[in-house]
Structure formats: C-alpha cells, structure tokens
Amino acid sequence: MGSKLKRILIGRPMKSTEIEGEKLSKLKALAVLSSDALSSVAYGTEQILIVLMAAGFSALWYSIPISFAVLGLLLILILSYRQTIFSYPTGGGAYIVAMDNLGRSTGLLAGGSLLVDYILTVAVSSSAGTDAITSAFPMLHDQRVLIALLMITLLTMMNLRGVTESASMLAVPVYLFVASIFVLIVSGLYKYWTGGIHASVPEFGTAVSNVSLFLLLKAFSSGCSALTGVEAVSNAIPNFKPPAERNAAATLVMMGVILCTMFIGISTLAYWYGIAPDPKATVISQIAESTFGRGSLYYLIQGITALILFLAANTAYSAFPLLAFMLAKDKYMPHAFMVRGDRLGFSNGIIFLGVTSALLVLGFHGDTESLIPLYAVGVFIPFTLSQLGMMVRWIKHKPQGWVVRFTINTIGMLTTLGITLIFIITKFSHVWFVFVFLPLVMFIFYQIHRHYLNIAEQLRINIDKDKPCIKGSTIVVPVAGVTRVVMNSLSYAKSLTDNVVAVYVGFDDADIERMEKKWEEWNPGVRLITLRSSFRSIIRPLMKFIDTVEWKTSETDHITVLIPQFIPRHWWQNILHNQSSLLLRAYLFNKKDIVITTVPYHLQK
C-alpha cells in the first residue's frame, strides 16, 4: 500500500543512467533557480517604503534613488557571481569559495548561512504568497499558516518527483508572472502618462527634515531583500546541461536583466501612484487595483503573484540539496544527504528542507515582516564571504585582468558587509536568532566531522598485518517455549554449528519445571539451560548468561545470539504482541560486542 502511494505521489523509479536527462536548459533553469530572486519584486519595494514611512509620507520619494542603489549592488553581485561560476564550475557558491580561500571555519560559516537562508527562503516565500492571497481575500487572513503549510507540502512533493519535472511545472507560472508584471508596469506607465492617475505624491527632491543618513541606509538595506536568491545559480551549476558554466552564467545575466527591469518599474509606479505600505494590502495589490480596478485583471495579477511567491521557494529546493550534498561529501553533514532518491534527486535534503521550513512558519505564525530581516542576514553573510574569498583568490593567483575583478569584488564586499551590519544594528530584535543558530550549526558541523574521522580511524586496517581471524562458533538461542518458531530457529542454528545452546528464562520454579519436562519430551538435540528471574526481567539473567559464555569461549569461538521471531501476516497485528525479541536485539546491539541474528517465521493467517 505504501509503495503504491509513493509511486502515485513521486512517480516511477529512474535508472542512474537517466541522470543526464535531469539536467536543465537555460530557460528551465531560469524558472527553477531565479524564481526566488524574481519574486522578490513583490516585497522589495514595500520593504523600502515601510522604513521611509517612519519619516512621513513626504519621504517616500527617496524610494527611487534607493531603488537605483539596490540595482547598482545587483549589478556588482551579478558580475561577481559570474566570475565565481567560471572559477568554481563544480558549484557550491559561497561555501566552496570561502572554504578554498578563507579557511575551514569561514567556509562552514558561509555554508551554514546558506543552509539557513534556503530554509528561510521557503518560509518567507510561502508566507509572502499567503499575504498576496489574503490581500485579495481578507476573510482568509486567519488561515494564513495553514495555507503556507499546504504550499510547502505541495512543493516538497513536486521536487521529490525530480528536477526536470519540477522545472517543467514551474516554467509556465514563472514566465506568466514576468509577463504579468511587465503588463502591469506598461499599463501603469501608460495610465500615468495619459493623466489617468491623480495621486498627490511628494515632489521629487523635496527636503525632509527628519530623514537621516541612517534611515536611508536602513531603507537601502531593507530594499536589498530583493537580491536574495541571486547566489542560487552559482550553487547549482551541476544541474545545468553542458557546457554547465556557460549556461549558468547566461542564466544569471538573464535573471539580472529581468529583475532589474521589474524592480525599478514597480518602485517607479509606487512613487507616481503615491502608494504607502498597508498591512492589509501589498504594494503590488495597490498598484494593480489603481491601474485595473478590482476586476479580473487585478485578481489575475494577485493570483499569479501569490503563485510565484509560493514557487519562489523552489529555488531553495534546487540549491539546498546540492549544498547539503557537498557538505556531506566533506563529512560535515550526515552521509544520508549524499543519497539520491528514486527520481535521482537528493530526497533526504528535499524532505529536511520542507520539514524545517514548515516548523519555522509555525514558529513565526506565518509573519513575513518578522522573517524577512532574518532571511536577509542569512543571505548577506554568504554574499560578503563570497566576495572576500574571490578577493583573496585574485591576490593569490593574479590572472590577467585581475585588478578589475578584484575592484568589483572589493566594492561588493564592502557594500554587502555594510548592509549586514545595518540589518544587525537596526533589527537586532528580529535577527538575534542568527547569532545563536549559526554557531550551533557550525558546532554540529564540527561534531559530525569529528565523528566521521573517529570512525575512519577505528575502522582503518593495516593491509599487510591485519588478516581475518578464523574461530569456531557458539550459538545461544533464547526460547520462550516449544513452538514452530523455536524449531525453525534451532534448525537454522544446527545448520551452522553443533555448538548450540537454548536458554529459557522462567519466573518461578513451576514454570521452569514445566519447560524442562516439555523440552525433554521433545528432545530436539540441543541442550536447554534454564534461568530463574526473581524480578520478572528476561534481559538481565540472559545477559549474565551471555557474559559467562563470552568469558569462557571468546578466545576460541565467535558468540552468536540467534533470536527467534514470528512475523504476523498483517502489520497491525504486531500491536497485539509484546515484541520482547525487538527489545532484546536493541539491548544487545548497544551493550554487547557479539553477533546478533534474527530468524523470522512468517505466520500464514
């Protein structure tokens, strides 16, 4: 039943040879890896306006120069990550760059930050998408957490079906969103130029007495939340069709051009329309309503915006599993993240991402405003470390034209560092969690790495000296009575060695006497040892007996505890039995350095 449901949900298993068919073309990659960055136009301008409103409505004209400053930083990031793609074509982005140029600790900080960022990407995207829905349908506001969780579940299932299939599903809504935003921008500009808008807006260049440099920097840093997701292309280079690095670089440039055009268009319309932030209606919602009214086009744009905000999380579903794979390959994350699932994706990474982001949505009650500062800090730390790492690389290798590249990365590093500090200073109450979580993540990385190194040290052999040790075998069979299960187990034990002993634990003399009499009548050719348990525990006397056998024979024999177990026909019938064999096996695994074998006997009814 479970297997059939799995096939329905995620599809048929794929052969390893089909991996090349899962590689992405530029157009599909743009849909998968750029959905996060492109969708940020739905809230980037709004974040700028929220900060500026602290100085009053007349300060909103500052949103235009601030938007251009954000685009300047976007250009630097695009150029920088384009250089990263060609320098590190195996992917990994900031993690690989920092690890290679800045050392292990800095690399793990970048990797940990990126992992946190991708988890937050899913949480923020689902929350922001829910906001777009509740802007159009206010009666759903109280159900925003449930809506967000449903979308996370849907995205997780979609990505478990494979990269190519999820890309095919994403391509239509992503390009539909881009087209709808361009239609909105063109229609809005036309309506403004033809005099269809009569909003009272603050005059451009008007001096505002209570606007400080600090407030402008805070608004700039908030607007930079629109840049999240830019790094995803450099992290996921292995997902591209060959030549992977060229296709990745082209996709990055396409994403930059589209994002630049949409972001400045929305910011311009917001200023001309006199849009102010409203907790019950997003900026996109207000612009669409002012342009088209509350008609079909308005609801179409809101629906597509909500959909793309949900689907923006798919960028994380593409990049997180790859980054987790690289960390696991370097022994900083569990090896389970290196395993490809039935559909050739890193299923464990996909499931882990879905579960942790869902917990985050529950913890923050789906509040986008609370999540975005945390989200932005998580992404700007890797931005800064990646730029710094590339600076060190240019200084070390000094390739032709390195001075220009070094200058680009230096400007980018100083800018992203400044933005990170502004976020930390101005929104410490929202981002303090990062200073607890990131050290904890790095500590876990080091503990996992130490564990794997210790295991490797203990398991390593000297090929010249260490050879298999040939011993005899003593088999101990715990029995609960004279049954077919016991007969089946003894038959198997006798096929391996003649040195077999059965052990029965009784709770009183009468019980032991009955068992000894029945065993004698049966006479299976195996000696029976009976033990009495004064405290009604089977495990304690059995362990003492095994200790004695081990002490006497461990030098000459391998000790095997062979556990009889019957398997009911239906899974739910296990509830009706005490499962003492499972408890015994679990205890022996943790306490004894002996061989443990289970011999199953399948019931027919």
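Arg514 and Asp511 form a salt bridge, with their closest N and O atoms 3.8 Å apart. The term salt bridge here means a side-chain nitrogen of Lys or Arg within 4 Å of a carboxyl oxygen of Asp or Glu.

Before I go on, some ground rules. This is a predicted model, where local features need pLDDT of at least 70 and side-chain atom pairs count only at pLDDT 80 or more, while totals for chains, interfaces and linings use all residues. Residues are numbered from 1 along each chain as its sequence is written, and side-chain values use heavy atoms, with hydrogens and water left out.

Back to that pair. Arg514 and Asp511 are about one helical turn apart, because they sit three residues apart in helix 21 (residues 509–522). Helices are DSSP runs of H or I with at least four residues, strands are runs of E with at least two, and both are numbered from the N terminus. Arg514 is exposed, at 55% relative accessibility. Asp511 is buried, at 19%. Those words have cut-offs: buried is under 20% relative accessible area, exposed is over 50%, and partly exposed is in between, with a 1.4 Å probe and protein chains only.

Glu513 is exposed, with a relative accessible area of 57%. On the surface, Glu513, Glu516, Glu520 and Glu521 gather in a patch of negative charge. For patches, residues need over 30% relative accessible area and no salt bridge, and like charges are joined within 9 Å. The place of a Glu charge is taken as CD. The areas come from the Shrake-Rupley method with a 1.4 Å probe.

Next comes Asn523. Asn523 lies in the loop between helix 21 and strand 3 (527–532). Its phi is positive, about 55 degrees, although Asn523 is not a glycine. Asn523 counts as exposed, at 59% relative accessibility.

How many salt bridges are there by this rule? The count comes to five. One of them joins Arg393 and Asp100, with the closest N and O atoms 3.9 Å apart. Arg393 is in helix 17 (residues 368–397) and Asp100 is in helix 6 (residues 93–101), so the pair ties together parts that are 293 residues apart in sequence. Arg393 is buried, at 18% relative accessibility. Asp100 is partly exposed, at 43%.

Another salt bridge links the side chains of Arg460 and Glu457, at 2.8 Å from N to O. Arg460 and Glu457 are both exposed.

Now a charge without a partner. Is Glu231 buried or exposed? Glu231 is buried, yet has no salt bridge. The nearest side chain of opposite charge is Arg82, 17 Å away. For charges, Lys and Arg count as positive, Asp and Glu as negative, and His and the chain ends are not counted. Glu231 lies in the loop between helix 10 (213–223) and helix 11 (232–235). What does Glu231 touch, leaving aside its neighbours within four places in sequence? Its contacts are Tyr81, Leu114, Asp117, Tyr118, Val379 and Phe383. Contact means heavy atoms within 4.5 Å.

Two more contact lists. Arg405 lies in helix 18 (residues 402–426). Arg405 is partly exposed, at 31% relative accessibility. Setting aside neighbours within four places in sequence, Arg405 is in contact with Gln83, Trp394, Pro399 and Gln400. From C-alpha to C-alpha, Arg405 and Met390 are 8.6 Å apart in space and 15 residues apart in sequence.

Ala148 is in helix 8 (residues 144–160). Ala148 is buried, with a relative accessible area of 1%. Beyond neighbours within four places in sequence, Ala148 is in contact with Ser126, Thr130 and Val361. Ala148 and Lys280 are 132 residues apart in sequence, and 17 Å apart in space, C-alpha to C-alpha.

Then a loop residue. Ile463 lies between helix 19 (428–459) and strand 1 (472–478). Ile463 is exposed, at 64% relative accessibility. Ile463 and Val526 are 63 residues apart in sequence and 40 Å apart in space, C-alpha to C-alpha.

Last, the backbone. Which peptide bond is cis, with omega near -5 degrees? The one from Pro242 to Pro243. Pro243 lies in the loop between helix 11 and helix 12 (244–272). Lys398 has a phi near 45 degrees, a positive value in a residue other than glycine. Lys398 lies in the loop between helix 17 and helix 18, and is partly exposed at 47% relative accessibility.

Definitions and conventions
Patches are made of residues with over 30% relative accessible area and no salt bridge: like charges are joined within 9 Å, nonpolar side chains (Val, Leu, Ile, Met, Phe, Trp, Tyr) within 5 Å.
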